[in-house]
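Hi everyone, thanks for making time today. I'd like to walk you through one structure, so let me put it up on the screen.

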8 protein chains.
Amino acid sequence: MKAAVIMGSASDLPVLEKTIETLKAFGVEVDAHVMSAHRTPDSAHTFAASAEENGIEVIIAAAGKAAHLAGVLAAYTTLPVIGLPIMSSTMDGLDSLLSTVQMPPGIPVATVAINGSENAALLAIQILSLKYVELKEKLKEHKKNMAEKVIEADNNLQKEL
Amino acid sequence: MKAAVIMGSASDLPVLEKTIETLKAFGVEVDAHVMSAHRTPDSAHTFAASAEENGIEVIIAAAGKAAHLAGVLAAYTTLPVIGLPIMSSTMDGLDSLLSTVQMPPGIPVATVAINGSENAALLAIQILSLKYVELKEKLKEHKKNMAEKVIEADNNLQKEL
Amino acid sequence: MKAAVIMGSASDLPVLEKTIETLKAFGVEVDAHVMSAHRTPDSAHTFAASAEENGIEVIIAAAGKAAHLAGVLAAYTTLPVIGLPIMSSTMDGLDSLLSTVQMPPGIPVATVAINGSENAALLAIQILSLKYVELKEKLKEHKKNMAEKVIEADNNLQKEL
Amino acid sequence: MKAAVIMGSASDLPVLEKTIETLKAFGVEVDAHVMSAHRTPDSAHTFAASAEENGIEVIIAAAGKAAHLAGVLAAYTTLPVIGLPIMSSTMDGLDSLLSTVQMPPGIPVATVAINGSENAALLAIQILSLKYVELKEKLKEHKKNMAEKVIEADNNLQKEL
Amino acid sequence: MKAAVIMGSASDLPVLEKTIETLKAFGVEVDAHVMSAHRTPDSAHTFAASAEENGIEVIIAAAGKAAHLAGVLAAYTTLPVIGLPIMSSTMDGLDSLLSTVQMPPGIPVATVAINGSENAALLAIQILSLKYVELKEKLKEHKKNMAEKVIEADNNLQKEL
Amino acid sequence: MKAAVIMGSASDLPVLEKTIETLKAFGVEVDAHVMSAHRTPDSAHTFAASAEENGIEVIIAAAGKAAHLAGVLAAYTTLPVIGLPIMSSTMDGLDSLLSTVQMPPGIPVATVAINGSENAALLAIQILSLKYVELKEKLKEHKKNMAEKVIEADNNLQKEL
Amino acid sequence: MKAAVIMGSASDLPVLEKTIETLKAFGVEVDAHVMSAHRTPDSAHTFAASAEENGIEVIIAAAGKAAHLAGVLAAYTTLPVIGLPIMSSTMDGLDSLLSTVQMPPGIPVATVAINGSENAALLAIQILSLKYVELKEKLKEHKKNMAEKVIEADNNLQKEL
Amino acid sequence: MKAAVIMGSASDLPVLEKTIETLKAFGVEVDAHVMSAHRTPDSAHTFAASAEENGIEVIIAAAGKAAHLAGVLAAYTTLPVIGLPIMSSTMDGLDSLLSTVQMPPGIPVATVAINGSENAALLAIQILSLKYVELKEKLKEHKKNMAEKVIEADNNLQKEL
């Protein structure tokens, strides 16, 4: 099972590290690339158009400002495309969010929170788990671990107060 | 293959008709329900917690205002949950969008555009197509049809001008 | 008299310290917990559903981003629930505010300002003062102290200028 | 048991009818007034300052635009004050919401959704129920009725589809 | 001299009529097309990539929601691209504006006001006037006419008052 | 000639220093106070109601968040009241701006830019200059000085480039 | 005593009728003009530069969208300039408000609410009242009338309920 | 070939350095000035009105807050005017963006992203390239270089992962 993680700029990598790390922790092969909807549009199109035959099953696209990357990839594939809006230096990420989520009818982009790098990976894994049932167990385990961390934090709080 | 379409209020049905219609047109069985994160939380939880064993493979949740429905369902399942923010009478849908998309780490919601009812269905179908390969062909057909309609509109425009 | 202070994440504690401190200063017993609407939904429900019989009379719920915690607790109790929107790293708290305050008809959440930790406590105390009349005197005293501090600041200003 | 319902302008009455009706349905005596923070500030102050001794136990204040009414009343009383932001012809209610909810430390206003007239009443009733335990049963009944209406809507949906 | 007017959907035509009419009134040949960044991306790319050799000297691109059209065309040409954000049914055009104007470094889009259809044409004509000096005179005439209309409106006002 | 400069909190003083300094530089007597619409409402009312007879001719009111101060003072006087919205830690000053400027019909507040401390003073001086004609000359001088500084900056730029 | 009422477009007249009517009701002579910061900039400058010597003592400037009119007039005069942001077909007036109020240091514009046509006039009258003391009495009368209307509305409400 | 770069304040120079540098790198002569729409309006008008006869072919105008500079220059010339909104200390640049882009019909401003200094230059160069064909080759070279940098970044990413 393989997911693509596409970023509009190398400067987005720090945000995406958690995405790549989470995918790998679940055993998902990651094909990561810097590709730009505006600077290397042909690479982006070729990548998206051939993604399916290259074994990719879900695409995560991260971009900031007028974030067209996810929409542009989605135009060239019928694979599910997850959009990850990146907060840039102005507008607090609202521009990235609206540019990613407000897609016109026909070409959906599955948008997660601004800078929501872990959730982009988890959504990809949930999608992959439809086909790769072994992921279901891992997702349940992950959910349980998250719950345990909250309970532990609550226990610590009881001691502190 | 089966998708759930959950709406927070019966008044959301007009927006969701396109969602249900699109899913059915692709041959996806639809389990539609009115359920409220706030008024019938237990039904919502029971539904989400047992969705997988009831054969549901993807959930679409539509709600307006402080739209908690998608997040609340996502808390109880590891199935992919698609959030469809509904525009209500104030705030132009911004409240629904932010309440749906800005999920904290660990519990993703795949958010589509405000009132993006057709895209919610298409995203569900793309997700299902990972497992049900017959959907891939239909999605490609749909994409081709959309393209043809744009070309037809362009042809009409040439005649008009 | 007892108030619950529920936070969605241990990272919210620094904001909530003023809340807990204010409640205690007024002699209100505080039951503080880390609980997540999304990661430990069952604990949250159990807590809210049994809050009344456990002697809790008002609940303060603090959360950021798509802040569902207050609404989710309010779904399970008829106790007054105070929502405290927490500012997170993006969107300047607007997402938390709208997710907390824009509740649909039937399930109110008494929302205070973004990061308004002291006011969450004071509102809880005002609510409790309906039943515990000794709090009324303390609230009036507190109001008088606030006024005196303003007057003192004004006096200092007169000296400075 | 008695609640005050104060509106900044007679034109707010259509929105507030649901508030008054809900309070009365729960057996709460209603003292309703048109009072303006800006046009009749002295009446507003006198009203708030004497509300407690006049038997009022909670105040609902509704206003639009730069909505100062709830804050101005809260300055003169230690009773809980519920702010109901009214949507006016511009800004979609965002001005009313921020003017009502973003209160500075020391003077809380329990804010409900823009035009959330029913919730303003329900919040007042929840607050009163701390002292008037007969309201608790009615609130639970109301919650049950809401749930039943959702279930009925769901049943109707099953027939329609 | 020739300008292209590209719209993302045939439904944008009513807004663009003023654009086309204004260009023609200045004697600019218009090549108008319906083309979608998402539904017919290849046509869009082919069009943009060959626009220059087809004699087009400036491109106006109009789209709503997550408006990627102008940016996508700009990726394939070094001709100046004018972005015209279209107001759709939600978000009051803010989504279209930010998606069009907030372009990352390297690929500018010359953005005009939301639904600013006449200005899109006038900007194109100003740009063309660098090369086609006969347009300069017409632009000055147009400016004079606008001024005269304002003066006439002022004269009418003096009579009315 | 005398202007009042009222701030909602002593923490606003750093922003207001430029206001006070500018007023004094123009020879306007300044009556500066810390007064709160919410914590010392009676002082605020008494101040506003007696401002005119105390020789004050224009009032500058600065406050942040749900900034009611200017409106509350304006309710008690027919002197012109200038509102200066202060940026607080959240919402980038939008809450202060809307709370100050969106006054309902009947009670205007002359609002200047967020943190526009110098302009608040200059507006007060322009208003006073209607009566105190000696200020007119100083304002023209000030305008000339500003122009000269811009010209000097331009001259410096020419040397740098 | 004389006030100027300048509008950017004849289409703003319906909003400004209340402004002109209010000024006249207070006995203020009104010099009303359609003038555009962009289409007739020279008329606007000449008007502003000569306003003072033409006996004008305060200027009201109303404009929508990128509303530069008030700022442009303020650049040419030291008379107080009141900015009245007009709501246009998009952006709910936020563009007009920000373009009017967010003036840089040195050139204040006294901004009133979006479409706040009556308040623009009342603010002008308050400013004029510094010099024309007969207006003070009328303003107090007006304030009293407003209060009486609120009291009457309250009396009517008591009968209705 | 010559472009003007006008900034509202010397403090905008750091943002504009990239603009000037990019223009010069393409061989465009730069006429840079500090000029204020509000503080030196006459210089601004004279400059714009005589720009064409002084050999200027495109104007870039950068300003923050209520950014009137681009619009004011556009009022005095039929040359294309590029507006560059500058982010100031409040409102995250939204005020500058809306004040620049939302121009009324008749006077377009070609707006680029908030602080989009490089794009302002590239847009000017694209416009100039209509007349100066030697720029076309350089623009294509620049586009190729940008693409190569993205490809290099992608290559580096492949090594890192």
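Predicted model: local features only at pLDDT ≥ 70, side-chain atom pairs only at ≥ 80, totals over all residues.

Now to charges, and salt bridges in particular. Over all chains, the count comes to 32 salt bridges. I picked a few examples for you.

In chain B, the side chains of Glu21(B) and Lys18(B) meet in a salt bridge, at 3.7 Å from N to O. Why can these two reach each other along the helix? They are 3 residues apart in helix H1 of chain B, which spans residues 13-25, so about one helical turn separates them. Glu21(B) is partly exposed, with a relative accessible area of 47%, and Lys18(B) is partly exposed too, at 35%.

My next example goes between chains. Glu52(F) forms a salt bridge with Lys140(G), and their closest N and O atoms are 3.3 Å apart. Glu52(F) lies in the loop between helix H2 (41-51) and strand E3 (58-64) of chain F, while Lys140(G) is in helix H6 (residues 134-160) of chain G, so the pair joins two chains. Glu52(F) is partly exposed at 25% relative accessible area, and Lys140(G) also counts as partly exposed, at 34%.

Something related turns up elsewhere: Glu52(A), Lys136(B) and Lys140(B) are linked in a network of salt bridges.

Then there is a pair within chain H. The side chains of Glu57(H) and Lys131(H) meet in a salt bridge, 2.7 Å from N to O. Glu57(H) lies in the loop between helix H2 (41-51) and strand E3 (58-64), and Lys131(H) in the loop between helix H5 (117-128) and helix H6 (134-160), so this pair ties together parts that are 74 residues apart in sequence. Is Glu57(H) buried or exposed? It is buried, with a relative accessible area of 9%, whereas Lys131(H) counts as partly exposed at 39%.

Staying in chain H for a moment, Leu79(H) is placed in the loop between helix H3 (69-74) and strand E4 (81-86). Leu79(H) is buried, because its relative accessible area is 2% and the cut-off for buried is under 20%. Its C-alpha atom is separated by 24 Å from that of Lys65(H), 14 residues apart along the chain.

Compare that with chain F. Arg39(F) lies in the loop between strand E2 (29-34) and H2, and it counts as partly exposed at 27% relative accessibility. The C-alpha atoms of Arg39(F) and Ser9(F), 30 residues apart along the chain, are separated by 9.9 Å.

Let me end on the surface of chain A. Glu137(A), Glu141(A), Glu148(A) and Glu152(A) form a negative surface patch. One of them, Glu137(A), is found in helix H6 (residues 134-160) and is exposed, with a relative accessible area of 53%.

Key: Residues numbered from 1 in each chain as written. Chains lettered and ligands numbered in written order. Heavy atoms only, no water. Patch = residues over 30% accessible without salt bridge, like charges linked within 9 Å, V, L, I, M, F, W, Y side chains within 5 Å. Areas by Shrake-Rupley, 256 points an atom, 1.4 Å probe, with all protein chains shown as cover. Salt bridge = Lys/Arg side-chain N within 4 Å of Asp/Glu carboxyl O. Lys, Arg positive; Asp, Glu negative; His and termini not counted. Charge placed at Lys NZ, Arg CZ, Asp CG, Glu CD. Helix = DSSP H or I, 4+ residues; strand = E, 2+ residues; numbered from the N terminus. Buried < 20%, exposed > 50% of the residue type's maximum accessible area, 1.4 Å probe, protein only.
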